[in-house]
There are 2 protein chains.
Amino acid sequence: MKSEPNLKTVAKMANVSIATVSRAINYPDKVDPSTLSRINKIIKEINYRPNRVAQRLRIKGGHRKIFGLLVPDIQNPFYVDVIRGVEDYAYSRNYALLMCNFAQSKDKETMYLNIMKSESVDGMIVAPYDEFDKEVIDLLQKGFPIVCVDRGLGDYQDVDIILVDNEKGAYEAVSLMIKKGHKRIAYIGGLPSIPTSQQRKDGYVKALQKNNITIDDSLIKFGDSKHESGKEIARKLLSLKNPPTAIFTGNNLITLGALESIHASGKKIPQDVAIIGFDDMPWSISLNPPLTAVRQPGYEIGKRAADMLYQRIMDPDRAYSKVMLNTILIERNSC
Amino acid sequence: MKSEPNLKTVAKMANVSIATVSRAINYPDKVDPSTLSRINKIIKEINYRPNRVAQRLRIKGGHRKIFGLLVPDIQNPFYVDVIRGVEDYAYSRNYALLMCNFAQSKDKETMYLNIMKSESVDGMIVAPYDEFDKEVIDLLQKGFPIVCVDRGLGDYQDVDIILVDNEKGAYEAVSLMIKKGHKRIAYIGGLPSIPTSQQRKDGYVKALQKNNITIDDSLIKFGDSKHESGKEIARKLLSLKNPPTAIFTGNNLITLGALESIHASGKKIPQDVAIIGFDDMPWSISLNPPLTAVRQPGYEIGKRAADMLYQRIMDPDRAYSKVMLNTILIERNSC
DNA sequence: TTAATAAATGTAAACGTTTACATTATGAAG
DNA sequence: CTTCATAATGTAAACGTTTACATTTATTAA
């Protein structure tokens with residue numbers, strides 16, 4: 001494989017030192033116009049591009065033009081929206097993106113965190129594994145620029161974070177169910193260790209309490225945030241002697257799994273069982289039936305997270321900001 | 001921000017030269033056991049990790065342990081499967097992954113290709129923008145390790161590639177429609193420049209011809225491979241004076257869009273209009289109605305692509321391999 | 001003309017690794 | 001006790017940039 005052209009190649013062709021070439025690229029007004037144009041012509045001719053690895057090694061933190069992005073589950077369309085938001089922002093500012101999916105595995109998260117660090121990213125956007133995420137907190141304490149999305153870090157407050165009012169979103173959804181006359185409402189959450197799973201449960205509980213419905217613990221279940229567990233838990237719930245008449249599902253994938261089980265059980269939605277999902281999807285309207293869902297602005301979250309990270313990098317001493325966006329309850333036909 | 005420990009830090013603490021530390025890590029049997037354990041203790045203690053950027057700069061191609069992955073649309077669940085396959089393989093071999101989504105934009109593709117090159121990846125897995133993709137072909141000609149997934153490069157044959165028999169998959173789907181009595185069958189393809197859009201159309205045409213149904217060009221449409229265009233085109237198709245009784249959609253997102261339009265039109269599926277989608281989704285069964293679809297083994301494609309890339313890197317002179325996997329037609333209730 | 005200033009360019013160090021080569025210490029064989 | 005091989009370690013160059021500093025050249029002011 002032929003080796004790529006580098007500064008030396010260009011310098012030799014232009015009969016100047018590599019420093020001049022470097023300057024021609026980074027500080028064009030610091031080099032003589034005629035030299036500049038000669039260099040530029042050569043660069044174009046041989047299609048020279050600076051080696052980012054060498055650049056990153058030399059340049060100090062904050063100006064390497066690369067972000068890290070670490071999401072828990074790329075199969076979840078919500079995170080895909082977040083990714084797109086981050087990516088669009090990065091592209092617009094000419095940042096590269098080192099994007100990793102830790103697939104809800106603590107080991108993978110640790111490994112990717114290490115890779116990102118040792119890839120010398122300027123900063124990263126992370127949806128932490130859980131609220132105690134030691135690795136992330138360590139990084140923050142060392143002063144590494146990080147913004148959290150979707151999930152916070154419990155008591156640890158010195159961090160930029162953008163998320164959604166999960167409790168309120170859940171509260172509204174469950175309130176709607178109650179308004180429609182449901183009393184036996186189940187909640188299927190994701191991994192219990194994930195903050196959002198708990199917050200959404202809290203919203204669910206509040207709504208029941210507010211309406212004087214006693215909490216039935218056998219209707220509150222947690223899975224692993226994936227399709228299969230939604231399916232399995234819904235199946236069990238529906239085969240209870242006294243099954244719920246409504247199910248509030250804690251994320252996208254769980255919703256889809258639950259939907260599958262409800263259909264398999266032969267029950268009609270919403271007549272026999274109602275369902276509202278946390279997280280809307282572009283195709284929710286094409287589901288059977290069109291799904292009533294709590295929409296999170298994933299794309300916006302991603303975009304703003306990237307901007308927060310950028311600001312943090314540019315001014316490491318600025319105050320931490322917490323942004324909490326609202327969800328929207330989209331009523332369709334599943335409740 | 002405190003600076004990370006490096007070889008020098010460890011060397012100083014262990015009272016040896018950085019070369020010895022480096023050897024302790026890379027060739028443990030080349031250093032004295034007592035020195036080794038001393039060094040290892042220190043490494044663990046201060047949690048030293050080699051700087052991948054510096055490593056990559058030094059180490060020559062093929063052993064830098066980083067792959068690039070370039071997909072056309074991360075919103076399309078098919079590519080998400082491919083990504084997962086590649087990622088699992090990479091993780092198992094301790095490779096990092098520079099993952100980029102060019103969102104069906106030629107400009108972005110070019111930029112990401114450049115970034116990957118200048119990030120010095122060992123090789124990359126790419127679903128090219130179209131079959132003429134000059135940038136990708138250039139890279140190949142320079143001997144850069146690349147494997148193509150999902151889409152080929154037209155006449156350019158010197159490349160490893162793994163994809164699915166699109167024509168056959170489409171042929172089977174449309175044949176099923178015909179068997180069910182449909183004569184006016186529409187095809188909504190993705191971007192016409194994408195090879196798969198054409199191959200799936202070819203399968204569609206073949207099935208019609210085989211059954212002596214005359215091709216009606218007004219029923220063959222191409223969009224931009226996204227949800228919106230599926231929706232829009234389906235809407236127009238359905239409002240024709242003589243609308244199709246069946247629609248074969250050329251990808252995931254188009255299917256979802258078309259589904260939305262069909263529902264909006266008030267037509268019943270499959271009584272009024274049948275639909276079969278290319279690409280199955282985990283939640284196809286939860287759609288309204290459960291979707292009949294052509295399944296591509298995305299995860300396997302990703303996994304095998306990664307392995308092909310690995311093999312290519314390890315042995316640059318091996319013969320090129322083309323792998324064509326079969327699709328499976330999954331009959332549910334939409335046709 | 002000369003001295004001072006500004007503009008253009010060059011030189012070399014630094015970033016954190018790996019590795020060819022040189023050096024030293026260790027032990028075995030004669 | 002040499003002599004030689006081997007093991008352990010060190011030295012320094014290299015990877016491709018950026019940049020502080022030094023040098024050269026051109027320009028201006030006196």
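User: Which residue is the bridge partner of A:G189 in β7(A)?
Analyst: That partner is A:F222. Keep in mind that this is a predicted model.
User: How many bridges are there between β6(A) and β7(A), and in which sense do they pair, parallel or antiparallel?
Analyst: Three bridges, in the parallel sense. Strand β7 of chain A covers residues 220–222.
User: Through which helix does the chain cross from β6(A) to β7(A)?
Analyst: Through helix α9 of chain A, residues 195–210. The β-α-β crossover is right-handed.
User: And β8(A), how many bridges join β6(A) to that strand?
Analyst: Four bridges. Those strands run parallel, and β8 of chain A spans residues 246–249.
User: Which residue in β8(A) does A:I185 stand opposite?
Analyst: A:I185 faces A:A246 there.
User: Why is β6(A) largely enclosed by the rest of the structure?
Analyst: Strand β6 of chain A, residues 185–189, has five of its five residues buried, so the rest of the structure largely encloses it. Buried here means under 20% relative accessible area.
User: Which way do the residues of β6(A) point?
Analyst: A:I185, A:Y187 and A:G189 point one way. A:A186 and A:I188 point the other way. Both sets are buried.
User: New topic, cis peptides. Which residues does the cis bond with omega of about -10° join?
Analyst: A:N288 and A:P289. A:P289 sits in the chain A loop between β9 (274–278) and β10 (292–295).
User: And in chain B, what is omega for the cis bond between B:I269 and B:P270?
Analyst: About 0°.
User: Where does B:P270 lie?
Analyst: In chain B, B:P270 is in the loop between α11 (252–265) and β9 (274–278).
User: Now backbone angles. What is phi of A:N94?
Analyst: Phi is positive, about 65°, although A:N94 is not a glycine. A:N94 lies in the loop between α5 (77–92) and β2 (96–101) of chain A.
User: Is A:N94 buried or partly exposed?
Analyst: Partly exposed, with a relative accessible area of 48%.
User: What about phi of A:S120?
Analyst: Phi of A:S120 is near 55°. That is a positive value in a residue other than glycine.
User: Where is A:S120? Buried or exposed?
Analyst: A:S120 lies in the chain A loop between α6 (106–118) and β3 (123–126). A:S120 is buried, with a relative accessible area of 10%.

How values were computed:
Residues numbered from 1 in each chain as written. Chains lettered and ligands numbered in written order. Predicted model: local features only at pLDDT ≥ 70, side-chain atom pairs only at ≥ 80, totals over all residues. Heavy atoms only, no water. Buried < 20%, exposed > 50% of the residue type's maximum accessible area, 1.4 Å probe, protein only. Helix = DSSP H or I, 4+ residues; strand = E, 2+ residues; numbered from the N terminus. Pairing = 2+ DSSP bridges. Right-handed = clockwise from strand over helix to strand, strands pointing away.
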